[in-house]
Amino acid sequence: MTKNILISGASIAGPALAWWLHHHGIRATVVERSPSLREGGYKVDIRGVAVEAVRRMGLLEQVQAASTDMRGAAFVNKRGKQVATLDADTFGFRHGDDTEILRGDLAKILYDATREHTEYVFGDWVTGLDQRPDGVEVTFARGAPRRFDLVVGADGLHSGVRALAFGPEEDYLRRFDAYISISTVPNSFELDRWELLHSAAPGKMVNVYSTARADDAKAAFWFSAPPLPYDRRDVDGQKDLVADRFAGLGWEIPALLEAMRAADDFYFDPVCQIVMETLSAGRVTLLGDAGYCPSPASGQGTSLALAGAYVLAGELAASDDFATALARYEALMRPFIEKNQALAKTALRGIIPQSRAFAWFNTRMIRLMPYLPGRNRVLEQMSRPIREAANALELPDYRVSRPA
Ligand SMILES: Cc1cc2nc3c(=O)[nH]c(=O)nc-3n(C[C@H](O)[C@H](O)[C@H](O)COP(=O)(O)OP(=O)(O)OC[C@H]3O[C@@H](n4cnc5c(N)ncnc54)[C@H](O)[C@@H]3O)c2cc1C
C-alpha cells in the first residue's frame, strides 16, 4: 500500500488531499514554495459535489461561516450609474449549500485542519524526481533529498512537478486569448459585500468587489488579447501591460489603475486551461489546477480540486497498488473534468463582451429580468450548465479508513 506521499503545493488541492490521506491512515508531507501559507486572494466557489466533499470532512459549517456573504452585483455605465443589479447567488449561479469564499480563507481552514498531523515544509520546492521501482527519490531546492512512495503535484497552473514529470507547460496549455489581473485596492467605493462591473470597451471588463469582514476591495481587469510576450518575473512590466490596455477609458478606471500599481499582491495570468492526456506518469500524479485547471472563467477550479482530493485519497486507500489507484482516480475524474472545462469558453463570452451591442443586450436582459414572464425558468436555464457540471460526479463511499 502507498504509505508515504509527497504533495507539492499548499493552497486548496494540497491541504485537502492531506486531510483525506490522514483520514485513511496515509502519511503526507506538503512542500510549499511560499515562505508561509498564502492567505487573502480572490473569491472562489464551492459547488455541487465539492460541497458534499467538504461536508464529509466536517468542515462545511466553518467554510460557510467564512463565506464572502456577498449581497449582490451591479453593472455600472461610464458615469458610474448602476444600470442593472442581481442578487449574489443568482449572479454566482449558486444553489443550496454552494458557497463563495476567499481562496486564502479556504486554504487557511484546510491548513488548520491538517497542520497537527501533516508535515508542512514552507519555502522549499521540488527540483528533481528520480523514479525507481520502489519509490521516488526527490531532491529539493533547500532541504535534503528524500524518498516517497508517490509524489502529487498540487502546485497550481504553473506546476513545477508537472514540468519535471511531463515536460514544458506550453504542451498542456489551452489558451483563450484573454488575460486577467487582480489586485487588492482601497475600498474607495465603500462597497459593502457588493460588486461593481463595468464593460469598459469591447474586449475589456473591470470588476471591483469587497467581501464580508474586508476593509479593502479587489479590482480585476479582464481583457482579450492574443498571446502576449512578457516576463513572468517582471511585475512592474505586467502592471504596465494592464495599464496600457485600459488607458484612456472612463468610469473610475484611472484611479483603479493607480491603485493596482501600488498593490503588493498583483496577480496576472492568461485565462487558460491545463489539458493532460494522462494525469499520472509512474509514481507522479497531478491534482487540482496542476492537472486540470478549468480557468477562472469556469468558476469551478476550487470544486475540481476539492473533489479530486477526495477521490485520489480514497482510491489510494482502497487499492493495494498505486497504479490501480491512479488509473481509477483518472477514470472517475476524467468526465467530470471535461464537463467543467467545457463551461469556460461560453462563460468567458459573458464575462468579457466582445462588442458594445452584446454588452448592452446583456445588461438590458439583467435589468428586465425581474419583469420577465417565466423569470425563474430563464434563470434556471442559465444556471443549468454549471449546476450539471458541478454535480457530474458521484462521490464513491470510501469506507476503508484505516487508523491514522
Ligand atoms: C483570478 C482568479 C479567479 C478565480 N476565480 C475562481 C472562482 O470564481 N471559482 C473557483 O472555483 N475558482 C476560481 N479560481 C481558481 C481557483 O483559485 C483554483 O482553481 C484553485 O485555487 C485551485 O487550487 P490548487 O490548490 O489546485 O492550486 P493553487 O490555488 O494555484 O495553489 C497552488 C499552490 O502551489 C504553490 N506552488 C506553486 N509552485 C510551486 C512549486 N514549484 N513548489 C511548491 N509549491 C508551489 C503555490 O504557491 C500555491 O500555494 C480563480 C483563479 C484565479 C487565478
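Tutor: Strands here are DSSP runs of E with at least two residues, helices are runs of H or I with at least four residues, and both are numbered from the N terminus. The model is predicted, so local features require pLDDT of at least 70 and side-chain atom pairs count only at pLDDT 80 or more, while totals for chains, interfaces and linings use all residues. Residue numbers start from 1 along each chain, as its sequence is written.

Strand β4 (residues 72–76) is joined to β5 by 5 bridges, and the two run antiparallel. Two strands are said to pair if DSSP finds at least two bridges between them.

β4 and β5 belong to an open sheet of 7 strands with mixed pairing, in the order β5-β4-β13-β14-β15-β12-β16. Because β5 (82–87) and β16 (267–274) each have a single partner strand, they stand at the edges, and one side of each is left without a neighbour in the sheet. From one strand to the next, the twist averages 20°; angles run from 0 to 180 degrees between N-to-C directions, with axes fitted as lines to C-alpha atoms, for helices over the stretch in contact.

Helices also pack on this sheet. Helix α7 (residues 235–246) touches β12 (173–186), β13 (194–201), β14 (204–210), β15 (216–224) and β16, and its direction makes about 70° with that of β15. Contact means that the C-beta atoms of two residues, placed from the backbone, lie within 7 Å. Helix α13 (residues 356–368) touches β4, β5 and β13, its direction making about 55° with that of β5.
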